[in-house]
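Here are some notes to read alongside the model on your screen. Take the points one at a time, and keep the viewer open as you go.

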Amino acid sequence: MVKTETDSIWKILKEVVDPEIPVLTIQDLGILQDVKIEGNKIIVTIVPTYTGCPAMDMITVNIKSALQPHGYDDVEVKLVLEPTWTTDWISEEGRIKMKNYGITPPQEKSTDIRSLLGKDTIVPCPRCDSKSTKLISHFGSTACKAFYQCNDCKEPFDYFKCH
Amino acid sequence: MKDTKKIRFLLQWADNSLILGHRLGEWCGHGPVLEQDIAMTNIALDLIGEARNVYQYAAELEGDGKDEDYYPYLRKERQFYNALLLEYKNTDFAYTIVRQFLFDTFHYYALLSMMDNSVDGRVKAIAAKSFKEVSYHLEFSSDWMKRLGDGTEESHSKMQEAMDHLWEYGHEFFMKSPTDEWAIESGLIYDLDLIYKKASNFRKEVIKEATLEIPETPYFKSGGKIGIHTEQLGFILSEMQYMQRTYPGATW
């Protein structure tokens with residue numbers, strides 16, 4: 001395979017981590033959509049996870065500072081709404097890292113969201129894997145997470161909501 | 001030529017989210033318990049993010065070097081088109097939840113209608129993004145309606161009082177302004193009557209489970225959509241805008 005410049009930029013960007021969940025890269029989360037080279041300019045396209053997520057500004061800065069030491073000074077980070085980001089895009093590896101970090105990854109497919117109301121999802125504890133857990137709050141430390149507690153090991157934990 | 005009608009439709013949409021987002025932000029550090037303090041400010045973040053997406057679109061249509069910040073910071077009271085309910089003061093947690101629930105039931109079905117049916121691709125994309133977030137808002141407010149309505153004697157009476165005061169503000173969303181008539185005709189949003197029917201059925205179910213009563217209302221308040229507001233919006237704007245008014249163009 002011919003190694004192009006775009007490939008090496010992708011390689012650099014794959015290492016950029018999410019500021020809120022630093023074990024996950026933007027590649028794991030499925031945020032990174034496209035890399036284009038136009039003359040001396042690099043255009044990186046990302047999709048926002050949540051509309052008001054303050055981490056997006058941080059990620060934009062992190063992308064630029066990851067590329068800068070490699071001589072890429074002219075970088076534009078474009079945020080697009082289409083396609084709409086979904087938790088389905090979080091990679092299998094990302095889900096494992098998330099669980100090891102103490103956050104239960106999304107348990108449903110995003111298509112289930114329309115029937116979300118009135119139905120309870122089983123959210124297993126990331127520490128002891130117990131299926132007996134309870135919802136403490138719909139919103140955890142960030143908008144993308146809910147707050148749960150395990151009925152068996154009693155540990156509180158975050159659940160990355162299906163989106 | 002500027003698409004002034006579409007801009008007005010977008011402002012009516014975004015202003016609802018901005019003003020409620022601002023109100024919920026006032027709870028920051030004052031919530032009844034930490035979890036709910038965080039929940040309300042997270043919802044505020046979603047709503048202000050939604051408003052930002054819509055204002056960006058409006059600014060592009062408007063041209064003249066306008067940007068998303070122009071709309072919240074530099075318009076006068078009469079140029080805001082949010083429904084009156086959303087400027088209603090927080091009062092207490094019961095009022096906050098009833099206000100949220102009445103808005104969420106409309107917001108949820110309105111976004112669903114736009115993401116499925118709108119002829120405008122950008123409107124569809126913004127709606128699809130926010131719909132996912134709003135489905136959690138609706139779950140949050142519905143749960144609290146039931147928990148407090150069907151809770152203790154005191155929580156029940158506080159919730160009923162909030163219902164009695166806010167119900168007359170809860171119908172303005174479905175009363176068609178000239179902008180709504182135009183937007184429906186243009187295919188930007190599906191018929192409000194259908195959205196009302198769905199929202200109303202959902203409301204009734206939750207209210208019943210919450211053991212609350214729908215109050216008798218002689219008439220419903222309206223005016224926000226055409227820029228006629230209650231005195232409360234002025235207080236919000238003076239806080240939100242004072243920095244830009246005092247130091248025009250100030251940035252971080």
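Which residues lie nearest the centre of the largest cavity? Keep that question in mind as you turn the model, which is a predicted one.

1. **The largest cavity.** The residues to look for are Q12(B), W13(B), N16(B), F106(B) and I189(B), which lie nearest the centre among 18 lining residues. The cavity has a volume of about 200 Å³. Helices α1 and α4 of chain B are the elements that each give two or more residues to its lining, and α4(B) gives the most, with six. By class, the lining has 12 nonpolar, four polar and two charged residues.

2. **The second largest cavity.** The search of the whole structure finds two cavities of 30 Å³ or more, so do visit the other one too. Its volume is about 110 Å³. Of its 13 lining residues, D18(A), E20(A), T49(A), C53(A) and C144(A) lie nearest the centre. Helix α3(A) supplies the largest share of this lining, three residues. Nine of the lining residues are nonpolar, two polar and two charged.

3. **The largest pocket.** Now go back to chain B. About 1,100 Å³ of space lies in the largest pocket. It is lined by 29 residues, and nearest its centre are D69(B), Y73(B), M240(B), Q244(B) and W252(B). The elements giving two or more residues to this lining are α1 (4–25), α2 (34–62), α3 (70–74) and α9 (232–246) of chain B. Which of them gives the most? That is α2(B), with six residues. The lining is made up of 16 nonpolar, seven polar and six charged residues.

4. **Two helices of chain B that meet.** Two packed helices are described by the angle between their axes and the distance between the axes. For α2(B) and α4(B), residues 93–117, the axes come within 13 Å and cross at roughly 35 degrees. The crossing is left-handed. On the α2(B) side, the residues that meet α4(B) are Q36(B), M40(B), I43(B), L47(B) and E50(B). Their counterparts in α4(B) are F93(B), T96(B), Q100(B), F103(B), H107(B) and L111(B). By class, this contact has six nonpolar, four polar and one charged residues.

5. **An open sheet in chain A.** Three strands line up in the order β1-β2-β3, with mixed pairing. Strands β1 (32–38) and β3 (75–79) of chain A each have a single partner strand, so one side of each is left without a neighbour in the sheet. Neighbouring strands are turned by 20 degrees against each other on average, direction ignored. Strand β2(A), residues 41–46, runs parallel to β3(A), and five bridges join them.

6. Helix α1(A), residues 5–13, lies across β1 and β2 of chain A, at about 140 degrees to β1(A). Helix α3(A), residues 55–67, lies across β2 and β3 of chain A, at about 145 degrees to β2(A).

7. Strands β5 (133–137) and β6 (145–150) of chain A run antiparallel and are joined by four bridges; here T133(A) stands opposite C150(A). Strand β6(A) also pairs with β7(A), residues 156–160, in the antiparallel sense over five bridges. K145(A) has F160(A) in β7(A) as its bridge partner. In this hairpin, five residues sit between the strands, and K154(A) takes a positive phi near 70 degrees.

Technical notes: Residues are numbered from 1 along each chain as its sequence is written. Chains are lettered from A and ligands numbered from 1 in the order in which they are written. This is a predicted model: local features need pLDDT of at least 70, side-chain atom pairs count only at pLDDT 80 or more; totals for chains, interfaces and linings use all residues. Side-chain values use heavy atoms; hydrogens and water are left out. On a 1 Å grid over the protein atoms alone, a cavity is a set of points where a 1.4 Å probe fits but cannot get out, and a pocket is an open set with protein on both sides within 12 Å along at least five of seven lines; lining residues have an atom within 4 Å of a point. Grid points are joined across faces, edges and corners, and a volume is the space filled by probe spheres set on the points. Ala, Val, Leu, Ile, Met, Phe, Trp, Tyr, Cys and Pro count as nonpolar, Asp, Glu, Lys and Arg as charged, and the others, Gly among them, as polar. Two strands pair if DSSP finds at least two bridges between them. Axes are lines fitted to C-alpha atoms, for helices over the stretch in contact, and angles run from 0 to 180 degrees between N-to-C directions. Contact means heavy atoms within 4.5 Å. A crossing is left-handed if the near helix is turned anticlockwise from the far one by less than a right angle, and right-handed if clockwise.
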